[in-house]
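Visitor: I'm new to this one. Can we go through how the pieces pack?

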Amino acid sequence: MKAAREAIARDIGRILQALAGLMFVSVLVPLVWGEYYAVPVMIASGTVPFALGRVLSTRFRAAVELEKRHGMIVAALGWFFVAIFGALPFFLLAWTVELAPASLSTPPQTTTLAAFTDPLNAVFESMSGFTGTGLTMTDDEAVLPRTLQWWRSFTQWVGGVGVIVLTTAILARPGSGSLTLYESEARTEKIHPSIVSTVRTIWWIFILFTLLSIMLLWLAGMGPWGAINHAMTGLSTGGFSITDESIASYDSVAIDFALLPVMILGSIAFSIHYLILQGQLNNFYDDLQTRWIFIYMTAGSIVVWAIVYGYGTYDSPFEALRYGLFQFVSAATCTGFQTAVDETNVALGRWPVQAQLTISIGMVIGAAAGSTVGGIKLIRALTLLKGVRYRITDVFYPPTAVRRLQIDGRRLDETAASREVEEAAIVTFLWITFLVLGVLVLLTVLPAGEYPLENVILEVASTQGNVGLSTGITGSETLPALGKVMFLFNMWIGRLEIVPVLVALRALFRRGGLYE
């Protein structure tokens, strides 16, 4: 119906206004660093979404509250348009440097920045940033202007918590509409009865942890600019870096181990962080997801360490532990920082097949729902395992027995248990289906025989899991255009857990879909 379209347009307008605000705030960076040629770029980049968002939100301010399916459409389209308009700083700054005369004191053009003169590369970088994926079209992040280094990190920092969560915190009004939008971004946890209070508490927690992360990395030996950027992208489990070889550029044991707690903090649900900060430390163990984060990350790291050491990838047990532990935690938290690189920047792609597949499993599962991570999420994996065991053991009980499935402290009856397991199974099935589709597309567009299957699987799992670890396939020159488009879709559905995107696509392509 018309009312639904108006409500969708209004809320997308509000999201675009929030995006514009991020761009206007970022004007401070080129001013501080003396990159004055970037100031009009950031102002122009923000003006476009602000003007469009203002028109939409003003014209349809009286629209009705959203229903659940319309909230999903807002989430899917909102994230899509944020990625499109978020590409403007990359695109406009690249062309400013490309075309500006030397009299404007612009830096010389580099191949890294020139890649963003292609709008597809700019959109890819923006989508990778906001979805917290971390795959990049750059070949040397260190030569980017500070303005773009900041914008890349800032998009991941905001995207880690959620674009809609930010919009709700700043612009939303209390009411059922805020709840619908909040839940449409794959979130269900509530810290307070009020959604607006919940999202503001989430942001206060996130800001506090960001400051602590900056201090920790600075004490570990990272410079102030590096500490700020890597704290933002590490806590948001995004993985963008300001150096050419990610964290490997620092070649520091202290920095490697300092980043482990930063990434793990980002992988724990915000509601659990709130309880722990309130002094309820028992939630480290009592909460099912938090307990299993430590169990499966420890187990996965041991497996990877045993493989890379056993196959002679590294000479000493400590070296194997250092790289194996970091890469598995980086994968399982969906961060994507890399330390396993060498002069060709594809060392991870030359790890033993068993190690690459173990890391791929970590990326597919992810960590806690309600955190900043991607993947299927631990709670779904555990629900499926418990559901399978529940069904198998059912044959050993008499038909009259009354049974309950216990998940995360909740005792579910037959109906509730079936619903929970079904939801987990559907998302997992869709996730694997699109993972396979991405692998098939990549195998089709890449030169035959250039990359082994395990490299392709890891790359697609990294993309859809919003991780960012790469075997060298992703790049402005190495990845064909069709592969970039496929990866854009993988990142988009991975961040929103697939269903909202499918609902939006059905509404767009089915006649009358937005009228229902």
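Visitor: Which residues in α1 meet which residues in α8?
Guide: Leu19, Leu22 and Met23 in α1 meet Trp151, Phe154 and Val158 in α8. Contact means heavy atoms within 4.5 Å. This is a predicted model, where local features need pLDDT of at least 70, side-chain atom pairs count only at pLDDT 80 or more, and totals for chains, interfaces and linings use all residues. Residues are numbered from 1 along each chain as its sequence is written, and side-chain values use heavy atoms, with hydrogens and water left out.

Visitor: At what angle do the axes of α1 and α8 cross?
Guide: Roughly 140°, and the axes of α1 (residues 2-25) and α8 (residues 146-161) come within 11 Å. That makes α1 oblique to α8. Angles under 35 degrees count as roughly parallel, over 145 as roughly antiparallel, 65 to 115 as roughly perpendicular and the rest as oblique.

Visitor: And how does α7 pack with α8?
Guide: Helix α7 (residues 119-130) and α8 pack at about 40°, with axes 7 Å apart. This pair is oblique too. On the α7 side the contact includes Glu125 and Phe130, and on the α8 side it includes Trp151 and Arg152. The contact of α7 with α8 has 2 nonpolar, 5 polar and 2 charged residues.

Visitor: Trp151 again. Which residues have the most contacts inside the largest nonpolar core?
Guide: Trp151, Trp351, Ile359 and Leu442, in a core of 134 residues. Helix α4 (residues 68-86) gives the most to this core, with 9 residues. A nonpolar core is a set of buried Ala, Val, Leu, Ile, Met, Phe, Trp, Tyr and Cys residues joined through side-chain atoms within 4.5 Å.

Visitor: What does Leu442 touch?
Guide: Not counting residues up to four places away in sequence, Leu442 touches Val456, Glu459, Val460, Ile473, Leu479 and Phe487.

Visitor: New topic. Is Ala220 buried or exposed?
Guide: Buried, with a relative accessible area of 18%. Buried means under 20%, exposed over 50%, partly exposed in between (1.4 Å probe, protein chains only).

Visitor: Where is Ala220 found?
Guide: In the loop between α11 (195-219) and α12 (224-235). Leaving aside neighbours within four places in sequence, Ala220 is in contact with Ser252, Ala254, Ile255 and Ala258.

Note on methods: Axes are lines fitted to C-alpha atoms, for helices over the stretch in contact, and angles run from 0 to 180 degrees between N-to-C directions. Helices (H or I, at least four residues) and strands (E, at least two) are DSSP runs, numbered from the N terminus. Ala, Val, Leu, Ile, Met, Phe, Trp, Tyr, Cys and Pro count as nonpolar, Asp, Glu, Lys and Arg as charged, and the others, Gly among them, as polar.
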